[in-house]
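Dear colleague,

Please find below the structure that I am handing over to you. My notes on what was found in it follow directly after.

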Amino acid sequence: MSSLRRPAFLPCLVLLLATAAAHAGRVTVELDGVDGPLRDAVLAGLELGQYASRDVTAAQARRLYEHADAQIRSVLEPYGYYTVAVDGELRENGDAYVAVLHVKPGEPVKVATVDVRIDGDADGQREVRKALAAFAPAQGAPLDHAAYEKSKATIQAALFASGYLDAELVTHQVEVTRAANTADIHLAWKVGTRYRLGTTTFEGAQFPSEFLERYIPWVKGDFYTQDQVLALQQRLIDADYFAIVQVEPDVEHAADGTVPIKVMLGPAKRTIYTGGVFIGTDTGPGVRGGVERRWINARGHKAKVEAIVATRLKTASAQYQIPLAGPDNHTLAFGATFRDEDTDTSTARTFGLAATDSRVWRGWTRTLGLKFLTGDFKVANIEGDTTLLYPEASLTRKKADDPAFVRDGWSLTFAARAGQKGLVSDTSFAQASADAKWIHGLGERGRFIARGSLGATHVGDFDKLPPELRFFAGGDRSIRGYGFQTIGPPLPDALVPVAQAYCDAHPKSDCQDFVIGGKNLAVASAEYEYYFKPNWGIATFIDTGDAFSSFDSYRQKIGVGVGARWRSPVGMVRVDLGVPVRDDQNHGVELHIVIGPDL
């Protein structure tokens, strides 16, 4: 039998490898002279830092140390440091090495001149003006290459967004004079033709193009702007017909100063079934369910049925929507609603019919409607009934940087309604209301939230107004520290015995507080949230205001408290604990729970 012969050099090779491994070690870097982001950048750019957890030989350690000077200079130049000095030493401690590096970055290069030129009248466009005004680094500031590159890209994007699709950067120079420690920036764009909007084509939709053209917010031939393209995309998303919406200029086929717009669409699921359980301090625990048909026919008609069954609220509603032609999201809607509500202050069982006409008007959603309402109610244990027919108008608008978690946004709603006695209605009345909310980020983790509500009513017979047309305060969307709708004018003294007799004759659970609601409302709130983790935060707040029938009877109520915030997969969850302030008749802590969007 033959045997394998071991190569004669193998023992020598093993011995050499063992010897090399015995002298291998790790490298530690000791760095001074720079702090904060500069220190982080230097450590990230040093090849030495990669060997903190890797074996290195003495020769490798010396080579890496020799390259450190050039690497540090290279890292600091983009931050404007062109006179960097580096010294130090490489210490050997057994099998370990310590690279000691002393960095003297010197004074940063300052920008002496910023010369940005854009031919034609492009610099007069709003987006371009904003980009030019925000250019960094500014004259006198340290030269920062990252800010410089970002500013170049911002101007280029602003030119494209304003319709200058052929804009070209023809000059881009940064001249550094080391002797003077200064830099001169020279930029120049040749913008070419400003394009106009051409034909819009739709692909992949379940509707004919004639129907989809109602969502186009421009007239063919208008100047191209990115805002218009984004507005079309948002309108198609809001229409809730599509799972895929992509709107972009067809630059490849742009010609003669005109750019076509290409829209790619994909149908959403046609029928939606919704359901779930919920809990609210104003409504109690409950379940909800519904069916929505996103489109019924090729004309985009919609239908929706919903029901809620909770401890204090039961509703059933049906709505049919008809979109109309035009670029303003013009829609007709017809609906019916049954509502059975039982709060601490009132109960009501009403049936309503509504016909509304809504459209976008100068950036607002304008809604005109006619409503019919009839039913029985009980307020402060005094029973009543009413029938009302009244027109209603509202204007709403909101803006948010991120609908899921707003850092910068606001919403406004104005509404008015009126009825005339004898024209079906049991009483004449006129009512106006306004609601506002503003959210602003403070630092990286904080938010400030302000909101307010105003309302005023002129009515012939207040007793004929159902609870939903009276003003109450208190609750999780009003003055926390008080229960839902427990703030308002009390029952007149003459009717207190009647209400008390009802209360005495019924179980205590049926006894209502003697609050009848008011003709007017004024409520304001300020809140601060701090997020100690991305999805978890705490809050503190103060709410104030009153529901009242005359200014002489206005009595300011104040609620303060703290809360917790959770950005859950189903939306923002708010849990608040509020207490009344300087109120001899109300004590204790009120719990408020709300699940829903910020705006």
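**Glycine 537 and its surroundings**

Leaving aside neighbours within four places in sequence, glycine 537 is in contact (heavy atoms within 4.5 Å) with Tyr530, Tyr531, Phe532, Gly563, Ala564 and Arg565. Glycine 537 belongs to strand 22; strands (E, at least two residues) and helices (H or I, at least four) are DSSP runs, numbered from the N terminus. The C-alpha atoms of glycine 537 and tryptophan 566 are 6.6 Å apart, although 29 residues separate the two in sequence. Glycine 537 counts as buried because its relative accessibility is 2%; buried means under 20% relative accessible area, exposed over 50%, and partly exposed in between, with a 1.4 Å probe and protein chains only.

**Basis of the model**

The model is predicted, so that local features need pLDDT of at least 70 and side-chain atom pairs count only at pLDDT 80 or more, while totals for chains, interfaces and linings use all residues. Residues are numbered from 1 along each chain as its sequence is written, and side-chain values use heavy atoms, with hydrogens and water left out.

**The protein as a whole**

The protein contains eight helices and 25 strands. Its radius of gyration is 35 Å, whereas a compact globule of 599 residues would have one near 25 Å; the radius is taken over C-alpha atoms, and the globule rule is 2.2 Å times the number of residues to the power 0.38. Along the principal axes, the C-alpha atoms fill a box of roughly 110 × 80 × 65 Å.

Of the 599 residues, 39% are buried. Among contacts with a separation of 6 or more, 57% are between residues 24 or more positions apart.

Glutamine 556 is located in the loop between strand 22 (536-548) and strand 23 (557-568). Not counting residues up to four places away in sequence, glutamine 556 touches Thr544 and Gly545. The side chains of glutamine 556 and threonine 544 form a polar contact of 2.8 Å. A polar contact is a pair of N or O atoms within 3.5 Å; within protein, one must be able to donate a hydrogen and the other to accept it, and residues adjacent in sequence count only if both atoms are side-chain atoms. Aspartate 546 is 10 residues from glutamine 556 in sequence, with 5.6 Å between their C-alpha atoms.

**The loop between strands 18 and 19**

Threonine 427 lies in the loop between strand 18 (408-419) and strand 19 (429-442), and is buried at a relative accessible area of 1%. Its side chain reaches the backbone nitrogen of aspartate 461 at 2.9 Å. Beyond four places in sequence, threonine 427 touches several residues, including Leu388, Val459, Gly460 and Lys464. Valine 424 is found in the loop between strand 18 and strand 19 as well; valine 424 is partly exposed, with a relative accessible area of 48%.

**Backbone geometry**

Most residues other than glycine have a negative phi, and most peptide bonds are trans. Valine 424, which is not a glycine, has a positive phi of about 75°. Asparagine 181, not a glycine either, has a positive phi of about 55°. A cis peptide bond, with omega about 5°, joins alanine 136 and proline 137; proline 137 is in the loop between helix 4 (126-133) and helix 5 (145-161).

Asparagine 181 sits in the loop between strand 5 (168-177) and strand 6 (182-190) and counts as buried, at 16% relative accessibility. Its side chain reaches the backbone oxygen of proline 108 at 3.2 Å. Beyond four places in sequence, the residues that asparagine 181 touches include Thr83, Glu107 and Lys110.

**Leucine 197**

Leucine 197 is in strand 7 (residues 196-203) and is buried, with a relative accessible area of 1%. Beyond four places in sequence, leucine 197 touches residues including Trp218, Phe223, Tyr224 and Ile261. Phenylalanine 278 is 81 residues from leucine 197 along the chain, and their C-alpha atoms are separated by 47 Å.

With kind regards
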